[in-house]
Amino acid sequence: MRKGVLFVISAPSGAGKTTLCQKLSELFPEIKHSVSYTTRKPREGEVDGVHYFFVEKQNFLGMIEKGEFLEWAEVHGNYYGTSREFVSSMVSSGTDLLLDIDVQGGREIRKYFPDSVLIFILPPSKEILRQRLEGRMSDAAEVIERRLKIASDEISGYKNYNYVIVNDSLEKAFDEFASIITAERLKTERVDSSWIKEQFFKEDKNGY
Ligand code: 5GP
């Protein structure tokens, strides 16, 4: 049996990553999503154990101490971490997994799992990113500027990634996303070679 493939997806906020991940679940329901731990407070509609495991900072620090995170990072003043146990069990049971984490996390995952697949989502332009950030939040101009600066920092991490998708049309971006997933799953090194051997290289009764 082949190991599960780790797909890491990162993007600055406002690039459309959440929508792409939701659509991915509809097309590939067998790909599990890793639920991170975070110290940030839940937003409206977010469910504990579904979107995140929401924990107190004290608990999070305790989990770091015990080595329970495969990777963790501080993002926008909150802590976020990926469960080591969950990822290992998925990989060893052959389940493909999607990790929606930031570029710091992507770097760490690549270190531990060199054959993981890192996908970066870009908004079509800085101007459109600004409009999307303004559109979704009624924040002061300086807050928007700060978010844009954070977005630029995140974007500068794209070089570590295997793929870059520019989300100028959701439909096209999703097609590209799904194509990457499909192609990566079909790579020769991920194919179950024992099945091929059994099917095509086992001698039958005629000695062929
Ligand atoms: P949000 O608070 O908007 O849900 O997420 C903020 C950022 O944290 C996003 O870029 C998201 O991908 C990232 N993030 C979520 N979970 C993790 C995690 O477990 N590890 C890391 N490194 N980043 C995470």
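I begin with a nonpolar patch on the surface, formed by Tyr158, Val164 and Val166, which together have about 220 Å² of accessible area. Such patches are made of residues with over 30% relative accessible area and no salt bridge, nonpolar side chains (Val, Leu, Ile, Met, Phe, Trp, Tyr) being joined within 5 Å; a salt bridge is a side-chain nitrogen of Lys or Arg within 4 Å of a carboxyl oxygen of Asp or Glu. Areas come from the Shrake-Rupley method with a 1.4 Å probe, and for residues only the protein chains shown count as cover.

This is a predicted model, in which local features need pLDDT of at least 70 and side-chain atom pairs count only at pLDDT 80 or more, while totals for chains, interfaces and linings use all residues. Residues are numbered from 1 along each chain as its sequence is written, and side-chain values use heavy atoms, with hydrogens and water left out.

Val164 belongs to strand 9, residues 163-166 (strands are DSSP runs of E, at least two residues, numbered from the N terminus).

I turn now to the ligand.

Ligand oxygen atoms lie 2.4 Å from a side-chain N or O atom of Tyr80, 2.5 Å from a polar side-chain atom of Arg40 and 2.8 Å from a side-chain N or O atom of Lys17. Of the 510 Å² of accessible area that the ligand has on its own, the protein covers 89%.

Key: Patch = residues over 30% accessible without salt bridge, like charges linked within 9 Å, V, L, I, M, F, W, Y side chains within 5 Å. Helix = DSSP H or I, 4+ residues; strand = E, 2+ residues; numbered from the N terminus. Polar contact = N/O pair within 3.5 Å; in protein donor to acceptor, adjacent residues only side chain to side chain.
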